[in-house]
Amino acid sequence: MGPANDDRVAEAVSAADVAELARGLDRPGGWNGAAALCCSLLTEGEELRALVATHPVDVPVLAVGGGSGPFTATTMTQVATRVQAAEVDGVGHHVALEAPDRLAATVLPFLDQVDAGLDAGLDAGLDAG
């Protein structure tokens, strides 16, 4: 990862990428997956909350957020007990598309920490700048 990679964020999603996304969504049934996900969240919410209340996720979780502030980490702490928050500054909703090098620079140290068994007290957070 170098400074040049940070400059590519604005160009991470090209006009061709947007056109391909629009083409896929424009075809018959193109919205089915997204619509089904939203509907399942609305209809299964109570069931999932009840499940998590009795069986919270107890594994190390890295909640990586972009421009949404603490939203991702706050959401993950509703279901998981060992959440570490990380923010990748200067990107929007699609961190993996907009700043893949910075996302990797955030995820890899977290995985090293988990592999080393150093995942206790994961509330310290990471800063991917």
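**Starting from one arginine**

Author: Let's begin with Arg82, which is partly exposed at a relative accessible area of 25%. "Partly exposed" is the range between buried, under 20% relative accessible area, and exposed, over 50% (1.4 Å probe, protein chains only). Before we go on: this is a predicted model, in which local features need pLDDT of at least 70, side-chain atom pairs count only at pLDDT 80 or more, and totals for chains, interfaces and linings use all residues. Residues are numbered from 1 along each chain as its sequence is written, and side-chain values use heavy atoms, with hydrogens and water left out.

Reader: Which element does Arg82 lie in?

Author: Strand S2. Helices and strands here are DSSP runs numbered from the N terminus, with at least four residues (H or I) for a helix and at least two (E) for a strand.

Reader: How many helices and strands are there in the chain?

Author: Seven helices and three strands.

Reader: Which backbone oxygen does the side chain of Arg82 reach?

Author: That of Asp58, at 3.2 Å. This is a polar contact, meaning a pair of N or O atoms within 3.5 Å; within protein, one must be able to donate a hydrogen and the other to accept it, and residues adjacent in sequence count only if both atoms are side-chain atoms.

Reader: How many salt bridges does the count come to?

Author: Three. Glu20 pairs with Arg23, with the closest N and O atoms 2.6 Å apart. Both lie in helix H2 (residues 15-26), three residues apart, or about one turn of the helix. Glu20 is partly exposed at 42%, while Arg23 counts as exposed at 53%. Then there is Glu46 with Arg49, at 2.8 Å between the closest N and O atoms. That pair lies in helix H4 (residues 45-54), again three residues apart, about one turn, and both residues are exposed.

Reader: Now the inside. Which residues make up the largest nonpolar core?

Author: The general idea is that nonpolar side chains tend to be buried together in soluble globular proteins. A nonpolar core is a set of buried Ala, Val, Leu, Ile, Met, Phe, Trp, Tyr and Cys residues joined through side-chain atoms within 4.5 Å. The largest one has nine residues: Leu62, Val64, Ala86, Val88, Val91, Val95, Ala99, Leu103 and Phe110. S1 and H7 are the elements that give two or more residues to this core. Apart from it lies another core of five residues, including Val61, Ala63, Ala80 and Val83.

Reader: What does Leu103 touch?

Author: Leaving out residues up to four places away in sequence, Leu103 touches Val64, Val95 and Ala96. Touching is a contact, that is, heavy atoms within 4.5 Å.

Reader: Thr106: buried or exposed?

Author: Buried, with a relative accessible area of 3%. Thr106 has its place in helix H7 (residues 100-115), and its side chain reaches the backbone oxygen of Arg102 at 2.9 Å.

Reader: Which residues form a nonpolar patch on the surface?

Author: Patches take residues with over 30% relative accessible area and no salt bridge; nonpolar side chains (Val, Leu, Ile, Met, Phe, Trp, Tyr) are joined within 5 Å, like charges within 9 Å. Here the patch is Val13, Val18 and Leu97, with about 250 Å² of accessible area together. Such areas come from the Shrake-Rupley method with a 1.4 Å probe, and for residues only the protein chains shown count as cover. Val18 belongs to helix H2 and is partly exposed, at 48%.

Reader: And what share of the chain do buried residues make up?

Author: They make up 22% of the 129 residues.

Terms used: Salt bridge = Lys/Arg side-chain N within 4 Å of Asp/Glu carboxyl O.
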